Amino acid sequence: MFDVKKVSIELAGKTLTLETGRIARQADAAVLATYGETVVLCAVTAAKSVKEGQDFFPLTVHYQEKYSAAGRIPGGFFKRERGATEKETLVSRLIDRPIRPLFPEGFYNEINVIAQVLSFDGESEPDIVAMIAASAALTLSGVPFMGPIGAARVGYKDGEYQLNPSLEEVKTGELDLVVAATGNAVMMVESEAKELSEEVMLGAVLFAHEASKKIANAIIDLAEKAAKDPWDIAKGDNLDDLKKKLKKLIGKDITAAYKLTDKSARSNALNEARAKAKASFTAEGLDAQTVMAGIKLTKKLEAEIVRGAILKDGKRIDGRTTTQIRPIEAMVGFLPRTHGSALFTRGETQSICTTTLGTKDAEQMIDGLTGLHYENFMLHYNFPPYSVGEVGRFGAPGRREVGHGKLAWRALHPVLPSKDEFPYTIRVLSDITESNGSSSMATVCGGSLSMMDAGVPLKRPVSGIAMGLILEGKDFAVLSDILGDEDHLGDMDFKVAGTEVGITTMQMDIKIAGITREIFEAALTQAKEGRAHILGEMSKALSSTRTELSAHAPRIETLQIDKSKIREVIGTGGKVIREIVAETGAKVDIDDEGLIKISSSDPAQIEAARKWILGITQEAEVGKIYDGKVVNIVDFGAFVNFMGGKDGLVHVSEMKNERVEKPTDVVSEGQDVKVKVLEIDPRGKVRLSMRVVDQETGAELEDTRPAREPREPRGDRGPRRDGGGDRGPRREGGEGRGDRGRGPRRDGGDRGPRRERSEGGNDDGPAPGGLPDFLTQD
């Protein structure tokens with residue numbers, strides 16, 4: 001019934017299997033990819049015709065994680081998978097970026113790529129498996145895909161590269177790098193690193209490329225068994241004559257426009273040239289399809305002019321050399337009420353970055369295949385339409401904003417302090433107010449400065465730069481700090497961020513079929529120089545983290561207690577901890593290991609809560625002086641609460657050095673006093689003294705009261721009544737009692753002789769006659 005085809009290869013100790021022909025047979029192609037016990041299904045469908053008026057390539061990639069894959073039920077009210085999560089959006093972009101450049105120019109059929117995680121083994125991220133499955137499905141589908149690509153993840157620990165490391169290995173290692181590549185060249189790089197050198201990063205990319213080649217060959221093997229016939233793609237019309245005509249009409253206008261260094265002026269000049277061409281074509285009576293083709297040729301003409309000028313003269317659109325960085329201005333403390341803020345401007349790209357510090361309850365809850373976890377560092381990137389002088393959609397973040405924000409997050413995350421060092425939740429917000437190239441790297445620079453302004457103790461400042469590439473045959477030029485137009489008209493967008501020590505993130509997207517090692521090395525070297533220059537400009541605004549937090553930021557103090565004391569701090573049903581929060585005004589969080597975080601914007605509230613908790617958890621020390629409060633007064637003294645939850649007795653004799661008639665002559669309920677611990681008995685009762693402590697200063701006073709005379713020994717009190725010692729013989733039975741005389745009964749009768757116990761009777765119950773012994777008489 002099923003014509004199943006499959007191939008398998010070994011990767012990093014696990015088997016990768018690609019299967020087709022069993023599932024989703026109505027799609028143009030579907031591949032079930034299995035790696036270990038992680039299974040991803042990817043289905044590809046393509047429209048057989050182009051929509052009328054379509055002038056762009058409508059490729060859409062959807063990646064979805066099924067909670068059932070990990071044996072989990074989704075949280076929330078609806079209990080089903082809903083809209084794409086941040087991770088699903090990021091992986092969708094990860095798949096899209098390397099496959100999009102591998103479709104031929106002019107192919108405008110709509111394509112859907114849908115990858116769904118069906119099983120997850122909890123060890124390896126399924127994103128790599130999804131990329132491989134998507135590449136395989138596109139290769140089998142017959143659409144004009146110039147692949148296949150392979151994909152691999154690389155870790156780095158103890159000087160060794162790790163292929164497809166587990167989640168735990170990535171967490172404890174120094175690198176998390178993802179590469180997608182064809183058999184000949186690298187197509188895409190995404191990474192987060194702990195300040196690694198350029199040499200280590202380049203080595204990791206090449207290491208991943210070797211694994212990608214092996215995967216690409218396996219996909220080719222599967223295609224030889226199961227690929228559909230390739231589509232017949234209609235050859236485009238020869239537009240050489242139209243292109244020559246266009247160049248003659250507006251070539252000089254475009255050249256003049258690209259000599260304008262101001263972006264707005266340049267955009268206006270280019271729009272005028274395009275309008276001139278469109279009006280000329282319309283006046284000649286050309287059909288709408290030809291007019292549209294002519295407008296698209298304008299973009300090609302622009303690219304030829306710009307790229308030629310850079311390769312020939314080394315001069316860029318704004319007059320810079322290939323290695324020159326645009327002017328930089330950085331400010332901190334830009335906003336008065338935020339916890340930290342920075343305004344970072346590089347040429348015509350600008351970002352306002354703010355940092356907000358919060359407590360543990362502000363952490364972001366993330367629910368996914370690996371379970372529920374909490375994130376204490378967030379970075380959100382916003383790109384309003386006014387930043388590029390346009391009108392357009394404004395609202396919830398799109399895929400691009402999510403992707404740019406995550407790139408900046410990866411750049412800054414490796415230099416953050418640990419939770420133990422800095423127990424705050426950190427949110428960085430980047431609002432792009434101007435954009436002309438590399439706003440994500442402006443976010444890295446501004447975010448670093450704003451966190452330093454907020455007092456976040458970063459290991460080192462981080463700067464970022466975007467590199468471009470112009471490649472014509474064997475001639476190439478690597479461009480530092482690219483403009484928006486250089487990104488659109490160039491062949492590569494290569495972003496690198498890091499500290500003076502090393503790289504923290506690296507992202508590369510290309511529009512051609514890969515780049516060589518020579519180009520990669522040149523870009524890394526040039527990026528290192530650019531990052532160093534930007535760090536120098538940033539240090540003019542702020543060279544190190546502020547030592548004091550903003551007056552508007554909450555303060556957090558940590559306190560470690562014994563785990564056995566957690567129950568006492570929380571109290572029955574949370575009674576004690578609620579009382580601490582209500583009375584002091586501070587927030588108190590306690591974890592299962594006994595780590596307590598006390599937070600408030602008022603240091604006095606933190607200190608009050610800290611003392612209260614210490615009073616509950618610490619043991620009183622004999623001879624130590626404490627602050628206390630009178631909580632109850634009795635005839636023989638006063639009970640004083642000290643160390644938060646402990647009470648002790650100040651006897652009336654310990655209130656003053658002179659005689660005190662009544663405790664109320666010295667203290668009143670609610671009065672603050674200073675006491676010294678004199679004694680703690682085996683039952684935990686505490687005896688306190690006020691008289692040996694200066695009630696004003698808390699200093700210990702010399703005890704001037706004469707010591708009590710010792711009590712006489714009990715043995716000198718005379719003979720014992722039981723005959724022991726000097727007290728005479730103990731009486732036996734009734735003998736001796738008669739000497740005391742029992743006397744007449746109160747009712748006038750004679751008491752008679754003393755009764756003897758009945759046989760079998762006892763003192764605890766009735767005698768055999770049915771009455772208790774004491775009710776029977778002889």
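Tutor: Start with threonine 89. Beyond its neighbours within four places in sequence, threonine 89 is in contact with Ala84, Arg399 and Val402. Threonine 89 sits in helix H1, residues 86-99. Keep in mind that this is a predicted model.

Student: Why is threonine 89 called buried?

Tutor: Its relative accessible area is 10%. Buried means under 20%. Threonine 89 is therefore buried.

Student: What makes H1 and H8 roughly perpendicular?

Tutor: Helix H8 covers residues 399-412. The axes of H1 and H8 cross at roughly 95° and come within 10 Å. Angles from 65 to 115 degrees count as roughly perpendicular. H1 and H8 are therefore given that label.

Student: Which residues of H1 and H8 meet?

Tutor: H1 brings Glu86, Thr89, Leu90, Ser92 and Arg93. H8 brings Arg399, Arg400, Val402, Gly403, His404 and Lys406. By class, this contact has 2 nonpolar, 4 polar and 5 charged residues.

Student: What makes H4 and H11 roughly antiparallel?

Tutor: Helix H4 is residues 198-226 and helix H11 is residues 517-539. They pack at an angle of about 150°, with axes 11 Å apart. Roughly antiparallel requires over 145 degrees. H4 and H11 therefore qualify. H4 passes H11 in a right-handed crossing.

Student: Which residues make the contact of H4 with H11?

Tutor: From H4 come Glu198, Leu202, Val205 and Leu206. From H11 come Arg517, Phe520, Glu521, Leu524, Lys528 and Arg531. The contact divides into 5 nonpolar, no polar and 5 charged residues.

Student: Which residues of the largest nonpolar core touch the most other members?

Tutor: Leu18, Ile111, Leu177, Phe494, Met506 and Phe520, out of 129 residues in that core. H4 gives the largest share, 12 residues. Apart from this core lies another of 23 residues, among them Leu246, Leu301, Val306 and Ile317. In soluble globular proteins, nonpolar side chains tend to be buried together.

Student: What does leucine 18 contact, leaving aside its neighbours within four places in sequence?

Tutor: Its contacts include Val7, Val31, Leu32, Ala33, Ile132, Ala136, Ile219 and Leu222. Lys5 and Lys6 are also in contact with leucine 18.

Student: Aspartate 28 lies in a loop, between strand S2 (14-20) and strand S3 (29-35). Why does it count as buried?

Tutor: Set the value against the cut-off. Aspartate 28 has 12% relative accessibility. The limit is under 20%. Aspartate 28 therefore counts as buried. Leaving out residues up to four places away, aspartate 28 touches Val44, Thr45, Ala46, Lys48, Ser141 and Lys228.

Student: How far apart are aspartate 28 and alanine 46?

Tutor: They are 18 residues apart in sequence and 7.0 Å apart in space, C-alpha to C-alpha.

Student: How do you know that serine 440 is buried?

Tutor: Its relative accessible area is 0%. Buried needs under 20%, so serine 440 is buried. Serine 440 is in helix H9, residues 439-454. Not counting residues up to four places away, serine 440 touches Tyr381, His404, Leu407, Ala408 and Lys495.

Student: How many helices and strands does the chain have?

Tutor: The chain has 14 helices and 29 strands. Of its 778 residues, 46% are buried. Among contacts with a separation of 6 or more, 66% join residues 24 or more positions apart.

Notes
Residues are numbered from 1 along each chain as its sequence is written. This is a predicted model: local features need pLDDT of at least 70, side-chain atom pairs count only at pLDDT 80 or more; totals for chains, interfaces and linings use all residues. Side-chain values use heavy atoms; hydrogens and water are left out. Axes are lines fitted to C-alpha atoms, for helices over the stretch in contact, and angles run from 0 to 180 degrees between N-to-C directions. Helices (H or I, at least four residues) and strands (E, at least two) are DSSP runs, numbered from the N terminus. Angles under 35 degrees count as roughly parallel, over 145 as roughly antiparallel, 65 to 115 as roughly perpendicular and the rest as oblique. A crossing is left-handed if the near helix is turned anticlockwise from the far one by less than a right angle, and right-handed if clockwise. Contact means heavy atoms within 4.5 Å. Ala, Val, Leu, Ile, Met, Phe, Trp, Tyr, Cys and Pro count as nonpolar, Asp, Glu, Lys and Arg as charged, and the others, Gly among them, as polar. A nonpolar core is a set of buried Ala, Val, Leu, Ile, Met, Phe, Trp, Tyr and Cys residues joined through side-chain atoms within 4.5 Å. Buried means under 20% relative accessible area, exposed over 50%, partly exposed in between (1.4 Å probe, protein chains only).
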